Amino acid sequence: MTEHIRTLTTADEINAGFRVFLRAMVGLPIHDVDAVEVTDPGRYLGALDGTEIVGSTDSYGSWLAVPGGARVPHAAVTHVGVLPTHRRRGIVSRLIARQLEDIAARGEVVASLRASEAVIYERFGYGVASSARSARVNLRRAGLRPEVPAGGRVRLLDGAVTTEALAGIADRAAWPGAIGRPAGWWRLREILRAADPVTHYVVVHSTDGVDDGYAVYRPLDTGGWFASQEKTVTVTDFVALTDSARAGLWRHLLSLDLVDVIAFESLPLDDPLPLAVVDRRAVELGPERDETWLRLVDVEAALRERAWGEEDPVALRVNDPLLDSNNGTFEVGPKSVARTNAAPHLSADVATLAAAYLGGTRWRHLAAAGRVAVHDPDALRRADALFATPSAPFSGTVF
């Protein structure tokens, strides 16, 4: 029997789809959530076997910041899952294909997701466009260098925190890879924070009276806290819009009493924290891991929206097996992007283009891995210069 795919509309259906996602993920610490509160209306797709929902995928309407500072319409794809009784039937493939059609119909230029498995989404045109890593800071050794900026004012919100206060800061993020955090995302964080028996502490940084950063953190292993030789606080959300905010939040976190280790869950690959301490070995960086899996839903619009480096244009042939409107050759240059009938300098599939789009992956490395057909050897140099960005792309948002 072929499962029927349609939009889930009623509260019962949306919650059933959400339960499918939780059952498929096995280990997520989420219970007793009304999925209607944490999702966007009309975006939840379900695969039905008769009347039973056996697979689902969802998305939030959002924006993605691209190199140059523009924000493009973006679908944050999430809640993808299939019941273990219905695996290996092509349900995910049909759900994702239908979802891409819906996203394109909404006029959303790109989509992104966080992948539970790294071998699923490339065949649907998603490529790894940003990466991240964790960090552990030994506070016995991690004195800040004297030249680190002083930062501004840090105030405690803790239990008085509101979504409005944090969203007012996060919504101004402009670095490549940042996304708009929708209302459902914030509501889920409120629910999870309230359900956690461990206190979540929240501090906000301001410069000249303007809020420009915040950090959310919680202690680990509170049951054995005072006997522990490694009292650890983990930073679950860190947003800094300015160097002043970043430095001020560092000063707060690295000066906490009764704490031995500050653990950051996610930092950009080029985060300056190791450069800010006297003893670099006090900062233990975790391994690089994939963060943003990006899908260009409208290739031409996405290419037009981002800024480019100064270099001669490159004609790039794009192959997209799922969205035919993306197939073609595009001349990319610092002044314009246009479709062209000229012979391509480089050819790649849409997932490979997505990997390079935010500047997080070099074309020469993709070519070395056999993922780019090179018709003009100098085009790799030009493409790397055109796609280059001053900093590594980073989202910092899990959804």
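How many aromatic pairs does the structure hold? I count 8 aromatic pairs, where rings of Phe, Tyr and Trp (its six-membered ring) pair if their centres lie within 6.5 Å.

**Ground rules.** I am working with a predicted model, in which local features need pLDDT of at least 70 and side-chain atom pairs count only at pLDDT 80 or more, while totals for chains, interfaces and linings use all residues. Residues are numbered from 1 along each chain as its sequence is written, and side-chain values use heavy atoms, with hydrogens and water left out.

**Entry 1: rings.** I looked up F18 and F21. Their ring centres are 5.9 Å apart with planes at 45°, so this pair is tilted; planes under 30 degrees apart count as stacked, over 60 as edge-to-face and the rest as tilted. Both residues lie in helix α1 (residues 11–25), 3 residues apart, which is about one turn of the helix. (Helices, H or I with at least four residues, and strands, E with at least two, are DSSP runs numbered from the N terminus.) An α-helix has 3.6 residues a turn, so residues three or four places apart point the same way. F18 has 3% relative accessibility and therefore counts as buried, and F21 is also buried, at 10%. Buried means under 20% relative accessible area, exposed over 50%, and partly exposed in between (1.4 Å probe, protein chains only). I also noted that ring pairs link Y121, F124 and Y126 into a cluster.

**Entry 2: charges over rings.** R71 lies over the face of W63, 3.6 Å from the ring centre. The test asks for NZ of Lys or CZ of Arg within 6 Å of the ring centre and within 35 degrees of the ring normal.

**Entry 3: G55.** I found G55 in strand β3 (residues 52–65). Is G55 buried or exposed? G55 is buried, because its relative accessible area is 0%. Setting aside neighbours within four places in sequence, I see G55 in contact (heavy atoms within 4.5 Å) with V20, L45, G46, A47, G81, V82, I91 and L95.

**Entry 4: an open sheet.** Next I traced 5 strands in the order β16-β15-β14-β17-β18, with mixed pairing. Two strands pair if DSSP finds at least two bridges between them. The edges are β16 (337–339) and β18 (373–374), each pairing on one side only. β17 (residues 346–349) pairs with β18 in the antiparallel sense over 2 bridges, and L346 stands opposite V374 in β18.

**Entry 5: helix α8.** α8 (residues 350–357) lies across β14 (314–319) and β17, at about 100° to β17. Axes are lines fitted to C-alpha atoms, for helices over the stretch in contact, and angles run from 0 to 180 degrees between N-to-C directions. I find 8 of the 8 residues of α8 buried. D349 caps its N-terminal end, with a side-chain oxygen 3.2 Å from the backbone nitrogen of A351. Just after α8, G359 takes a positive phi of about 90°.

**Entry 6: helix α10.** α10 (residues 378–387) lies across β14, β15 (328–332), β17 and β18, at about 85° to β14. Here 7 of the 10 residues are buried: A379, L380, R382, A383, D384, L386 and F387. What covers them includes α8 and α9 (363–368).

Note on methods
A polar contact is a pair of N or O atoms within 3.5 Å; within protein, one must be able to donate a hydrogen and the other to accept it, and residues adjacent in sequence count only if both atoms are side-chain atoms.
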